[in-house]
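Grab a pencil and open the model in your viewer.

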Amino acid sequence: MSESEVKDAAGGGAHLLQMRGIEKRFPGIIALQNVSFEVTAGEVHCLLGQNGAGKSTLIKVLAGVHQPNEGQILLDGKAATFSNPDDAIKAGIGTMYQELDLVESLTVAENIFLGHEKSIRGFSARKDEQRAAAGLLARLGHPEISPAMEVGELSAAGQQIVSMARALSRDVRVIVMDEPSAVLDSEEVRNLFDTVRALTSSGVAVIYISHRLEEIRIIGDRITVLKDGQAVASNLLVSQTPNAELIKLMTGRSITNIFPPRVAIEDDAAEIITINDLVVAPGHSPISFSVRAGEVVGLAGLVGSGRSEILGAIYGINKPVSGSVTIDGRKLRPGSTVSAVKAGMGLCPEERKSQALLLDDTLIANFTLASIGRYATAGFTSQQREYQASMEQVQSLELRPADPTREARTLSGGNQQKVVLGRWLSHGCRVLLLDEPSRGVDVGARSEIYNLISGLSRAGIAIIVVSSELEEVLGLSHQVLVVSENRIVHQAPAAELSEHQILDLVMEGTTL
Ligand SMILES: Nc1ncnc2c1ncn2[C@@H]1O[C@H](COP(=O)(O)OP(=O)(O)OP(=O)(O)O)[C@@H](O)[C@H]1O
Ligand SMILES: [Mg+2]
C-alpha cells in the first residue's frame, strides 16, 4: 500500500487503535479523565501537552503498565485488555519509555531480546541474538553499537537506540516513542525520523511524544493535545495548526518571548570561577576560560563532543590529567566533588534519573539533600522549616502537583527536572553547572526555567550551561564556547554568533 492509500484508508475510519473514555486515578490525583485517542495505520500521531499533562500515563495504559479505572482500548475495532506489558507487546504495541528501563548490567543483545529470548538454549542462540541485534542496530543507523556491550557503558543516546531496537525486535503494529529525541543530537534525530518513515510506510502507526514543536512539524501527521489529564484537542492536522495555537492549547496562554533579556554584566564584575589549562582526559586539549559574577557561559556542540566531560572535570567527578579550577581565588582539589561543593559549586546533571534524583524519596528530601545543614538547629532538622522551604520551592518552580511530600518517582519527567534544579537553588551556590537544563521540559516550564536561570544570573551566580539546542545556548548565554572533539574550537559573545555559524564550527571540528 502506498503512503497515500494508507492515509485514505485512515480517512475512511479504519482505526487501528482506539482508546475510549480512559480514566486513570493515582492516590490524590486524576491523571487522565475521559481521554479518547485514536490512531490509524501508517500515521505519526503526536501527543502534546505540558509536563504532567498525562502523556506518559496514557501510553502506559496502552502498554499494559497501568490499568485504567475507566475506559476501553480497541484494536481493529475489537475490545482488548492489556493486564500487563506482555499482553500489549503480544498485540503488537511496542513502547520506548521516557525514563529508559533497560537493564544496565546486561548486554545490548540481552536487553533487546529480554523476555523473548531466541528459543534454542545455549551458545548458538546467543549468537543468533547477537546477529539479529547487530542487524537491528545497523537498520537504525548505529552499526557502531556492539551487541556484546553492557548497556550501562552506553550514553543515554545509545541506550535510547537500544530501547528502540528492542521495540522493533517484535512484530509491531503501533510503536510508541515517549520523548525519544530528548537525548539525541540532530544527526541522531534525523536517523530516528528515517526509521519512523520506514515504519509508517509499511503501515505501522507511530505515537510520537515530544516537546519540540519543530520535530512535530517535520514528522507528524496528526496531533492530540492533553491538558491537565484531558484531551483538549484531537486529530488536529499538523499542516493546518500553527505553533501559536498548539502552545495556547497546551498552556492555556500565549507565550511569545521565551528567553528573558540577558542580565547586563558590570565591567568590573569579579571573576568567580577560572578554569586554567584543564586537560580533561589523556589526549585532550587544554581548556581555559573564566566566568564572572552573573555571567552565563554556554558550551555548544554535538552530543558526545565532550561537553559533559568538561563539566564533570570542573565539578570533580572525573579527575583531570592536569590544570586547575579556581573559585574566588582558591584552587579546588582536582577530582574532588566535596571540594567543589564546599567552594559553592552545584551541578544539575544530564541524566537526572541515575545521577540526580532520589526517586524513592519525597521532594522535601530531594530539595534538602544538598543543604541539610541549613535546616538543622542544634543537631536536629526542623521538619516544619523543611516543609515550608520545600513548599516555597514547589511554588516558585510551579511544580505540578504542588505537594512537597510526594515521592519524586511519581512526578512527570519535566517536573523531575525542575526538582533537580530546585535542589541547587535552595543550596545557594556561587557557581552552577547546568547540563541540558530544559531536556524534556515543556514550553511553559521551559520559560520558567529560563527565568530562574536569569534570576540566578542577576543574583551574581556564575553559570556554565551545556545544551544541544543551539537556540537555548544562544538565548541564555553571554559567552559561547563551541566544543568539538574535546576541544574548544571557538569562543565569542552570543550576540555575535548565529545557530548557523555554530553548526558550521561544530561540523568543521568533527571532520578535521
Ligand atoms: N505512578 C504514579 N503515581 C502517582 N502519580 C503519578 C504516577 N505517574 C504519574 N503520576 C502523575 O500523573 C500526572 C501525569 O503524569 P505523566 O507522567 O503522564 O505526565 P507527562 O504528560 O508524561 O509529563 P512530562 O512531559 O513531564 O513527561 C502527573 O501529575 C504525575 O505526577
Ligand atoms: Mg512523560
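Here come some ground rules, then the exercises.

This is a predicted model, so to speak of local features we need pLDDT of at least 70, side-chain atom pairs count only at pLDDT 80 or more, and totals for chains, interfaces and linings use all residues. Residues are numbered from 1 along each chain as its sequence is written, chains are lettered from A and ligands numbered from 1 in the order in which they are written, and side-chain values use heavy atoms, with hydrogens and water left out.

**Exercise 1. Get an overview of the chain.**

Step 1: count the elements. There are 19 helices and 22 strands; these are DSSP runs numbered from the N terminus, helices being H or I with at least four residues and strands E with at least two.

Step 2: check burial. Of the 512 residues, 54% are buried, where buried means under 20% relative accessible area, exposed over 50%, and partly exposed in between (1.4 Å probe, protein chains only).

Step 3: look at contacts (heavy atoms within 4.5 Å). Take those between residues at least 6 apart in sequence: 68% of them join residues at least 24 apart.

**Exercise 2. Find which protein atoms hold the magnesium ion (ligand 2) as donors.**

Step 1: list the donors, meaning N, O and S atoms within 2.8 Å of the metal (3.2 Å for Na, K and Ca); water is not among the atoms, so sites may look incomplete. You get Ser-56 (OG) and Gln-98 (OE1), at 2.0 to 2.1 Å.

Step 2: Ser-56 sits in helix H2 (residues 55–62) and Gln-98 in the loop between strand E6 (93–96) and helix H4 (108–112), so the two tie together parts 42 residues apart in sequence.

**Exercise 3. Work out the surroundings of His-211.**

Step 1: locate it. His-211 is in the loop between E8 and helix H8 (213–219), and it is buried at a relative accessible area of 11%.

Step 2: Asp-442 is 231 residues away in sequence, yet the C-alpha atoms of His-211 and Asp-442 are 5.4 Å apart. Leaving aside neighbours within four places in sequence, the contacts of His-211 include Gly-49, Lys-55 and Asp-442.

Step 3: check the side chain. The His-211 side chain makes a polar contact with that of Glu-179 at 3.1 Å. A polar contact is a pair of N or O atoms within 3.5 Å; within protein, one must be able to donate a hydrogen and the other to accept it, and residues adjacent in sequence count only if both atoms are side-chain atoms.

**Exercise 4. Trace the open sheet that contains E14.**

Step 1: write down the strand order. It is E12-E11-E14-E15, with antiparallel pairing; two strands pair if DSSP finds at least two bridges between them.

Step 2: find the edges. Strands E12 (287–292) and E15 (330–331) each have a single partner strand, so one side of each lacks a neighbour in the sheet.

Step 3: zoom in on one pair. Five bridges join E11 (residues 271–279) to E14, and Thr-274 has Thr-326 as its bridge partner. Thr-326 lies in E14 (residues 322–327) and is buried, with a relative accessible area of 14%.
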